[in-house]
Structure formats: structure tokens, C-alpha cells
Amino acid sequence: MADPLLKVTDLKIEATAYPPGEPPQDITIVEGVSFALEKGRVLGLIGESGAGKSTIGLSAMAYGRGGVRITGGQVQVNGRDILKLGTSGLRRLRGAEVTYVAQSAAAAFNPARKIMEQVTEATLAHGRASKREAETRAVALFDKLGLPDPETFGNRYPHQVSGGQLQRAMTALALCPEPELVIFDEPTTALDVTTQIDVLAAIKDAIRDTGVAALYITHDLAVVAQVSDDIMVLQNGHRVEYGATDQIINAPREDYTRALVSVRSIVHEEKQPGDDPVLQASHVTARYKGTKFDVLHDINVALDAGQTLAVVGESGSGKSTLARVITGLLPPSKGQITFAGRRLSSDLAGRSREDLRELQMIYQMADVAMNPRQTVGTIIGRPLEFYFGHRGAEKQRRVIELLDKIEMGAGYIDRYPAELSGGQKQRVCIARALAAEPRLIICDEVTSALDPLVADGILKLLLNLQKAENVAYLFITHDLATVRAIADSIAVMYQGRVVRYGTKSQVLAPPYDDYTDLLLSSVPEMKLGWLEEVIAHRKMESAGH
Amino acid sequence: MRGIPISALIGLAFTAAYFLAAIFAPLIAPYGLSEIVGDVWEPSSSRHLLGTDSIGRDLLTRMIYGGRTTIFIATMATLLSFVTGSVLGFLAAVLGGWMDQVMSRLIDLLMSIPTLIFALVVLSVMPVTIPVLIAVMGLLDSTRVYRLARAVAVDINVMDFVEAARLRGEGRGWVIFREILPNALSPLVAEMGLRFIFAVLFVSTLSFLGLGVQPPAADWGGIVKENKDGIVYGIPAALVPAFAIATLAISVNLVADWVLNRTTSLKGGRGG
């Protein structure tokens, strides 16, 4: 049998960590990972952040990012051990035989140069085609990837095209040198669901038509199931399970894989709306200062005490702006907000301390939502002190009580945010909001920066807290799976308008309007062949197309 | 004391030595400040370790007392500039809008006049006493600190945790001193090391020009002025204070660098 295109044997990757105040120590990031990839096949690497999937992906170019070293094992491309190649050998390999598609195309493109120059750069640098040939090839790729006006697309600058288009241009960049292996590192993670589906379909077609082999790295099992032939599940730098896509999705052997497959299986009984709304927005229209363009148009929504209203939409739909209007950070130009039976002042300065206390907010990025120089105790304790005047032992007791509520415990009280994991940080933010004993918490994309299993834990916690404290949530998200898991009612937003609003069972039942249909059908499902089905049946094309 | 890099140790040792010599000057100095103990510009000997100055006073004694004056004035001026500069800078960042514009444009106006000329004009009409000197130097320098503090605070002011504090209903005092200040400290401390050295140079320059510390009191700039004619005859007395200024500058900056590294890596900081 001929050698496989890529053969990785017993890979070991290490890095040096510099914990503050301690001597540097070597840590192992990846250990004992082996796999093989044949020509024209796609292998999906899946795992949570820190699982080592990007590190393994980059090792196929013998590259270690930021002080990471490949210390053991073999990486063979076409039978050659590339770890033994010198600098010039690697230079010939990278960008020619093996190419790379990064997660954030917006950050990976040079904003000062035209797309065509950048797409053909590697091809020309490696002498793999003449300038004219490379450009013809690029145009053909733009066409294949479904980019608008493929002939002239390359003349634009990166900021003149949308995020989804740029991600496809990046794929063209990787395919232009006619490589044998492409590494896709979370190529659709930063995109909206409705855009993701187009990019995904484009990548899948391109891989099939060019016959290139690919490593597809992602944390989303449903996405990887659409494009790959085989899947390798990773956890903490170790291989958990490795097998054909069909087997991993339909008959996972390991507990961890089963957990990943069954994630978001929270069952939530929908509560019926009462007649005593805690929050009511009527005819809210808003625009940002100095602009002539309404970001929100005539928004009417209501939320009952102890219930959850999910506000869904893609980026730019105005859902976070709605949160800013409700919190008073952006006074609306028309309309009003009624909260707990009283009319809220439209700007922050006019609100009473009681208004502020009863309306709390949890942010998407827990990292920046907490002062890095305050301990967990200070962060959670401050609202207690500020609103209720608790001090000393009383405050300490309440903080510990709250830490227990978020399932963390008193041991964390003296830690700084940087010493917590992503999920723990978000829990501390939840505790800070709860400390104020609010009636309503606005949750702005609180789980979208977290790994699926961790996000699951946060959603379960929020649901339990809702039962115990009878707090209402205004839940802003772009993720429909989250909405299914926790919402009682749903408002679908598109271009600053609420296009569909009602209880969960009403909104999620046909007949759908075109946008809701697009949104619903774009959520990747954990089944093979889903992508083809959706592309064939949908009514409306996404904005990124 | 584990984990202090060697450069910081050297810096700490020299800085400490200079400050201790300044504090305990009357105990250490071998002679009186304006006591004439020998011939003009005697070379160094066991009686006069650094020789004598232009009118026969012991140079080591002059250096120790001079360091006391120079370091005291520079320290006080730096502290004054940091307190006013950073409080005003933070306030401008937090207030924003037209208040920020007014404050920043006024500061620009002050900065557009060369500091030395401004100081010379003010000092020529005011009585030159040490408090006046400190006030003039401190306030002029605070414009630079204001710029830095405002730039840093504007960045921090838009972070979610500051917004969270605002939504909680916190007042400006809390936002400035509890949310912004701890996160702005490391660039400010680094700048402080640099500013302290500029203050040393500034007070020395003023004294050299005759508008700083007045004789018979000694300071490093004044010692250079008194002994500058000796350079023509190959007498190194004027170079001794220059050497002192240089070593103090380097060692303070070594310490500031270390503090900067420590505070940024401390518990993660803001993105390292």
C-alpha cells in the first residue's frame, strides 16, 4: 500500500509556561496522538478549547505557535518526516504543499493590499504558476466558492467585502497554490449561522472538486459532521476517539464523545405568559448619536416575571442595542420602557437605585466584564455593600452563599479572575448579578464564548436559578439551540425590527416567514447529509451571499 | 525577595544608596556644608575623597547635601505632577464630551510653550524658594502625566467592567479610584520612573542657570555651575554631579522596569 499523504505518529508537543512568581515549567500540550490521512479525504479534529486541536493542525506544517515545541513523534507528508526538514525545506513545504485557513479572515488579511495580490502571493512566491495563470486560477476559485463577480472580486480590498466572503477568499488563498493538504482552523466559528452555512457549503464543494486532503478543526461537532470523512475527538491533548464520521455521530463509544453528541439536550417546559409583565418595551425606536439611521424600529415586546424572553438574530440585527436601550445606556428616540409597573427613565442618570438594582446584566465576555484587579470576593461583594449596606462578616456570609448557588464554593473567594476558567468566570458574573436580588437579568450572548459542554452547564445553572429566585431573563443570542433550551417566548430580530414574536411553541411552529425559516434551517444539525438537504430546500439566501 | 532579576537588584541597591545618603546627609557628610576646609580644587586624597571645589569646600560633602536637595525637590515635584496629572486625566476620560475637550485643549495650550522657558519666566517673577520650585516643576510636568493618564483611562473606560459599575449606579469616585486606577497603575509607574529623572535633570538645569536652588545651599546642578570653569584646567569636579545624575537615572529606571513587569504579570493583568 502506498504511503498516506499525511501520517502523524505518536506526536508530542510541549510548551513552557511562566506562572507568576514561580520558575518556568514545561507542560505537555499534546501526547501520543497518531493518525493518517489519505489523498482527497477530510479529517475533522474536534475538542474544546485547550484540547490541542489547533496545535496538532499546525504540526502538519511543522509549526509551533508562540513558544510551542514539537518534541516527539513523526509527521510525514508524502513519506518524508517534515520535522527533520531544515528551514529552507520547510519554506518549500509551507504555503505550497500544505496551506492554512485561519479562523479570523478579517485579522489574517492585510487591509492595505487588494485581495487578488494576497490570494496569489504564495503561489507566485513558490513559483507554482505564472502571474497570469495564478490569477486565472484565483478567478476560477472565486467562481467555485460562489463569490460575487469572480472576475473583479480580486480588485477589492478586504474591508470592501463581508466577513463570509472574506473567509471564502481565504479558502481560495489556501487552494490557489494547488496544495495537497489544507488545514482549516475553525473557518466558520466567527461567522453568523446563516453565513456559516454558505461558507461551509463552499468549502465542502471546493474540497470535493479539487481533490485536496484537509484537516478540519472545530469545536462544533455538528459542523464537522457535514464536511469530514473521519473524525478525531481530542481532550486535553489526548485522543479520545477516532473513527468514521458516521460511527462517531451515530454510535459513539466513549462517554466524552457521547456528551459532545448529546449536548444541548436540555428539556425546558415552556411557561404560559401571564398578564403581569415585569418588562414591557413599547414602540421603541433608537439610533446612535450622530447617525441618521435608526438601529431599532418600533420594538414592542413584553416579558413576564420569572420567565425567559429570547431575542434572536444575526450580528447587526439590533439585539444588543435593544439591551442598551433597556439598561439606559442608549436613550431611545421614541417609545418607552415599563419595568415592574413603573415607567423607566430613558437615560441612566434619571434612574433610581432601586431601578438599577432590579435590572442586572451579564455580558458575553466574562473576561472583560470583571475588573482583573479585584478578587472574586470583591466582585460579588460590591453589589451587596452598594445596594444593601452589608459589610464585614455579613457580607462574607452572603458572598459564600452566592458562591454556593453558582456551584463554586467558598474556596474561590480570594481568587482573581485570571485564575478562573472561562465557565467559572461567567458563573462569577452570574453571582454578581444575583447579589443585587434583581427581578430581571439581561443575558447578552452569555454562552457564545464558551465551549459547548461548559455552555450547557451555564444554561442549566441559569434555569435552576430562575426556578429558585423567580428572576426573569432577557436572553440575547444568535444560537437557536440555546433558545430551544431555555426560552418561554421568542422575539426574532432582523435589521432592527422584530419580525416574529410569540411564545416558543408559536414561533418555532410553521408556517414560518422567510427569515425565520432561514435562521432555523441554518442551525447545524448533528446528522449526516444535513447540509445538502438545507441548501436544496431553503427559500431565502443569507445576507453574506 | 525571590525572583528579583539581577538588573532590578542593582537598580534597587543604587537607588537605595542615593536615597539613604540624602536622608541621612548630616550624619554621613564628613564636613559642614559651607565649611571651607582646603585649597581650591584639591585633587582627591584621604582627607577629601572627591577633592575640593572652586572655593575649597569638601566636594563629597557638597555632593551628599546637594543630592538631598535635588532628590527631595525631584521627588516632591514628581508626586505632585502624578497626583494632579492622573486625577485630571482620569476625570477627563470619565467625563468625556465637552469637559474633556476643554481640559485637553487647555493642557495642549500649556504644553505648546517650552517647559524650560515657561519655568524661567515664572521663576524670574516669583521668589525662588523650594516650595515654589516644586509647585512650578510639578504643575508643568503634570501636563505630560495628564496626557498619558487620559489615554490609558479612555481605553479602560469602555471596558465592560466599567460599564457594569456604571449600571450598578456607582459614582465617579469609585469608577476612577477602584475600577480605572488599579488597571492604569503599571504604565503610570513606569512613566513615574522616567518623570522622576526628568525632574532631576530639570531642577539641575534650573540651578545651573541660576534660577533653581540658591547658594549657599547645594544641589547637583549648582555644583556643576560652580565648578564648570575647572574643566578648562582639566579639573573633573564638575563631572562628579553629572556622573551622579546618570547613575541615579539608570538605577531608578531599572527599578521602574521591574515594577512594570511585575504589575503587568500580576494575576494576569489586562491581557498580560
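Analyst: In chain A, 6 strands form an open sheet in the order 6-7-8-3-9-10, with mixed pairing. Strands are DSSP runs of E of at least two residues, and helices are runs of H or I of at least four, numbered from the N terminus. The model is predicted, so local features need pLDDT of at least 70 and side-chain atom pairs 80 or more, while totals for chains, interfaces and linings use all residues. Residues count from 1 along each chain as written, with chains lettered from A and ligands numbered from 1 in the order written.

User: What makes strand 6 and strand 10 of chain A edge strands?

Analyst: Strand 6 (98–101) and strand 10 (238–244) each have a single partner strand, so one side of each has no neighbour in the sheet. From one strand to the next, the twist averages 15 degrees.

User: Which strands of chain A does strand 4 pair with?

Analyst: Strand 4 (residues 68–77) pairs with strand 1 (residues 6–17) over 8 bridges, antiparallel. In that pair, Val8(A) has Val75(A) as its bridge partner. Strand 4 also pairs with strand 5 (residues 80–81), antiparallel over 2 bridges. The hairpin of strands 4 and 5 has 2 residues between the strands, and Asn78(A) takes a positive phi near 50 degrees.

User: Why is helix 17 of chain A called roughly parallel to helix 18 of chain A?

Analyst: Helix 17 (residues 422–435) and helix 18 (residues 452–469) pack at about 20 degrees, with axes 10 Å apart. Axes are lines fitted to C-alpha atoms, for helices over the stretch in contact, and angles run from 0 to 180 degrees between N-to-C directions. Under 35 degrees is roughly parallel, over 145 roughly antiparallel, 65 to 115 roughly perpendicular, and the rest oblique. So helix 17 is roughly parallel to helix 18.

User: Which residues of helix 17 of chain A meet helix 18 of chain A?

Analyst: Gly422(A), Gly423(A), Gln426(A), Arg427(A), Ile430(A) and Leu434(A) do. Among their partners in helix 18 are Val454(A), Ile458(A) and Leu461(A). Contact means C-beta atoms, placed from the backbone, within 7 Å.

User: What do UniProt and the model give for chain B over residues 67–256?

Analyst: The unreviewed UniProt entry lists "domain: ABC transmembrane type-1" there. In the model, residues 67–256 are 82% helix and 0% strand. The entry also places "transmembrane region" at several spans, including 116–140 and 194–213. Residues 116–140 are 84% helix, with end C-alpha atoms 9 Å apart. Residues 194–213 are 75% helix, with ends 22 Å apart.

Conventions. Contact = placed C-beta atoms within 7 Å. UniProt positions renumbered as here; feature names shortened; annotations may be inferred. Pairing = 2+ DSSP bridges.
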